[in-house]
Amino acid sequence: MRRLLPALALVLTLGGCGWVGRADETSKPDGFLLHGYVSVAGAATGVPGTPCLAPFAAAQDIVSGATVKVADQDGKVVAVTTLAAGVLAAAGGAYRCNFSFELLNLSGSRPTYQILVGDRPPVSFETRALREGRPAVVDVATASTSPS
């Protein structure tokens, strides 16, 4: 039993560091979780935290299941996911409908990432802030329209 404990501790330590199964690599993995949400202004009044839909005229392309693309600084798409269902949020006396998304194992070596949602133009975020756990928030105003 005494011999088993040090071996078990070593396996758990290496597993937590991300080294298990990566014997041929020379550096520690730098992948991180990118999380964020698309926040649509002008949502109907209600109870924060309950399901909502984005105002249709303002954001026809912002719906549950809409495609979210993550691109590098040159615009090359490196990951794809979808938006979750909208959740109502109160912000400064107004209401917004927030649609979350997340992507696993993005490389921390890039200086910036671009988030492309639906028909919207890309929004850039510094990788350092995203690696620190800050959400990538894409704001959509009610007066905005989709590009032609």
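These legends walk through a predicted model, one close-up at a time.

Local features here need pLDDT of at least 70, side-chain atom pairs count only at pLDDT 80 or more, and totals for chains, interfaces and linings use all residues. Residues are numbered from 1 along each chain as its sequence is written, and side-chain values use heavy atoms, with hydrogens and water left out.

View 1. Helices (H or I, at least four residues) and strands (E, at least two) are DSSP runs, numbered from the N terminus. Follow the sequence and you get the pattern α-β-β-β-β-β-β-β-β-α-β. Of the 148 residues, 30% count as buried; buried means under 20% relative accessible area, exposed over 50%, and partly exposed in between (1.4 Å probe, protein chains only). Now look at contacts, meaning heavy atoms within 4.5 Å. Among those with a separation of 6 or more, 62% link residues 24 or more positions apart.

View 2. The chain averages 81, and 76% of the residues score at least 70. Confidence is lowest in helix 1 (residues 4-17), with a mean of 48, and highest in strand 8, at 96. Over residues 8-25 the pLDDT is below 50, and this stretch has 11 contacts in the model beyond near neighbours in sequence. Residues 144-148 also stay under 50, with eight contacts beyond four places in sequence. Where pLDDT is low, the predicted coordinates should not be read in detail.

**View 3. Four strands make an open antiparallel sheet in the order 4-3-7-8.** Two strands pair if DSSP finds at least two bridges between them. Strand 4 (77-82) and strand 8 (123-126) are the edges, each pairing on one side only. On average, neighbouring strands of this sheet are turned by 25 degrees against each other, direction ignored. For such angles, axes are lines fitted to C-alpha atoms (for helices over the stretch in contact), and values run from 0 to 180 degrees between N-to-C directions. Strands of a sheet pair through backbone hydrogen bonds, either parallel or antiparallel.

View 4. Strand 3 (residues 67-71) and strand 7 (residues 112-117) pair over four bridges, in the antiparallel sense. Here V68 stands opposite V117, and K69 has L116 as its bridge partner. Between strand 3 and strand 4 there are five bridges, again antiparallel, with V70 opposite A79. The hairpin of these two strands has five residues between them, and in it G75 takes a positive phi near 90 degrees.

**View 5. Five strands form an open mixed sheet in the order 2-5-6-1-9.** Its edges are strand 2 and strand 9, each pairing on one side only. Strand 1 and strand 9 run parallel, joined by five bridges. Look for V38 here: it stands opposite V138 in strand 9.

**View 6. The largest nonpolar core has 28 residues.** A nonpolar core is a set of buried Ala, Val, Leu, Ile, Met, Phe, Trp, Tyr and Cys residues joined through side-chain atoms within 4.5 Å. V38, L83 and I115 have the most contacts inside this one. Strand 1 (31-41), strand 3, strand 6 (94-107), strand 7 and strand 9 (136-140) each supply at least two of its residues, and strand 6 gives the most, with five. Which residues does I115 touch, leaving aside neighbours within four places in sequence? Its contacts include L34, V68, V70, F101, P122, F125 and V138.

View 7. D61 lies in the loop between strand 2 (51-52) and strand 3, and counts as buried at 10% relative accessibility. A polar contact of 3.0 Å joins the side chains of D61 and R120. That term means a pair of N or O atoms within 3.5 Å; within protein, one must be able to donate a hydrogen and the other to accept it, and residues adjacent in sequence count only if both atoms are side-chain atoms.

Conventions. pLDDT is the predictor's confidence in each residue, from 0 to 100.
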